[in-house]
Amino acid sequence: MSLQSFIQFFVQFIHMGGYGPYIWTAYGLTAGVYLWNILSARRLHTSAVMRARQRLIASAESQALERP
Amino acid sequence: MATWVWFHKLASPPHIYRIAGRLTLLFTVPGVLALIVGLYGGLVTAPADYQQGDSFRIIYVHAPAAWLSLLCYTAMAIAAAVGLVWRMKVAHAFAAATAPIGASFALVCLVSGSLWGRPMWGTWWVWDARLTSQLVLFFLYLGYMALRHSFDDLSRADRASGVLAVIGLVNVPIIHYSVYWWSTLHQGSTVLRAGGPSMPPSMLVPLLLCFFAYTCCYGALVCVRLRAEVLNRERSPNWLSLNA
Amino acid sequence: MTPRRKRLYALIAIVAGVAVSAAIALKAFNNNMLYFYDPSQVAAGVAPLHKTFRVGGMVTKGSVVRAPGSLEVRFVVTDFQHSVTVSYSGLLPDLFREGQGIIAHGHLKDGMFMADEVLAKHDEKYMPPEVAKSLKPPVARPGAGT
């Protein structure tokens, strides 16, 4: 495929028969929601692990203090 | 009884935490692969529709999002019911982990549908039975999450929001059958339809791949969120390995 | 009865109660739930006479008449039993064409339906243009006449 025909194909692909703005907005939104889902789920898990560790350390310290 | 061992094992936080961790990767790999192939198929290899031209390609993000929003709600309501009846914390944790995912895909369904409706139907939005019941689903998710937020006590939040989730389950069949029970602007189902899918394989295969991909991605996402929910409910998770 | 069983029955009762009341409510509002009337219902007088409503059906082939130099268009909508003539002035959706299902919003005036909005309805069938052409060769290409 020559460069020119590739560019032509690409322009047509983006244009989507005139429906480009609708299609790419819909796909872009979907990509954004996927990204949000991934990031927020990971952030939730990381912060849960951190807080759980803090609780563990705190309980270990208080147990150490109680010991005579 | 031996047959119930797996059920009681599911209720054990360290067990579920470990299983969810392993399942995450198991869901992610096929999910991402199918999503790439499916969307490529929908955007590039599938032919344009004889009536709608290229605009019908929105179906590849729209219909699986609709499916996932219904699947998530059903899973959430069943988990909430199990949590309410058997007082199973892990079930409530699963329901709570599912809600934001379901809500986000209900939103994708509504907005992508609107972006499809504008050029084809000639309107962004109509108040027909299908669109309205799907909007109600989105608000049910929001209501469920808001209700959880309004309680400081987790077990009370679980119970109150669980009842709401179970009640809202009534809306799920209404959404699916709305296009058959009432006259609507929205068309009938293409895939889950009496007489088989009304699409040639060149269009259908990428769509089925997208359905599969969305479902796998939900599996992976809910596993990560479930681990967080389970951890948050443990006062001292001694089983948590500190270097994990 | 164990407490667990009690909770199970209570939950089933709640869901059954909500389902039954939803079914009754939807049944009662059935007319409002209908997004549009078809021309037979208009002919039978079911559709409201003095209010605006929606009529839906197929655009009869060869019935589309455009007033030259304006956006005004007239066409016949049919459900193959009865038909209604629609008059509309404005932009039509991309899918509007003869033989296409449409839904028009407006009111009846002297037997003519004066529309202020025309929406296109499509079915759940999708196929490539070549397949559609080979299925029904005598039909004019969509949009060819417009």
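**Strand pairing and chain contact**

In this predicted model, strand E2 (residues 65-66) of chain C is joined to E3(C) by 2 bridges, and the two strands run antiparallel. E3(C) also pairs in the antiparallel sense with strand E1 (residues 53-59) of chain C, and 7 bridges join E3(C) to the antiparallel strand E4 (residues 83-89) of chain C.

- Strand E3 of chain C spans residues 72-78, and its pairing with E1(C) extends over 2 bridges.
- Val59(C) lies opposite Val77(C) in E3(C).
- Arg66(C) has Val73(C) in E3(C) as its bridge partner.
- A hairpin is formed by E2(C) and E3(C), with 5 residues between them.
- In the turn of that hairpin, Gly69(C) has a positive phi of about 80 degrees.

**Strands E3 and E4 of chain C**

- Opposite Val76(C) stands Thr85(C) in E4(C).
- E3(C) and E4(C) form a hairpin with 4 residues between them.
- Phe80(C), in the turn between E3(C) and E4(C), has a positive phi of about 70 degrees.

**Contact between chains B and C**

- Chain B gives 37 residues to the contact, and chain C gives 33 residues.
- On the side of chain B that touches chain C, the elements giving two or more residues are helix H3 (59-86), helix H4 (89-120), helix H6 (154-168) and helix H8 (201-232) of chain B.
- H3(B) provides the largest share of this side, 4 residues.
- The residues on the side of chain B that touches chain C comprise 22 nonpolar, 12 polar and 3 charged.

Terms used: Residues are numbered from 1 along each chain as its sequence is written. Chains are lettered from A and ligands numbered from 1 in the order in which they are written. This is a predicted model: local features need pLDDT of at least 70, side-chain atom pairs count only at pLDDT 80 or more; totals for chains, interfaces and linings use all residues. Two strands pair if DSSP finds at least two bridges between them. Two residues are in contact if their C-beta atoms, placed from the backbone, lie within 7 Å. Ala, Val, Leu, Ile, Met, Phe, Trp, Tyr, Cys and Pro count as nonpolar, Asp, Glu, Lys and Arg as charged, and the others, Gly among them, as polar.
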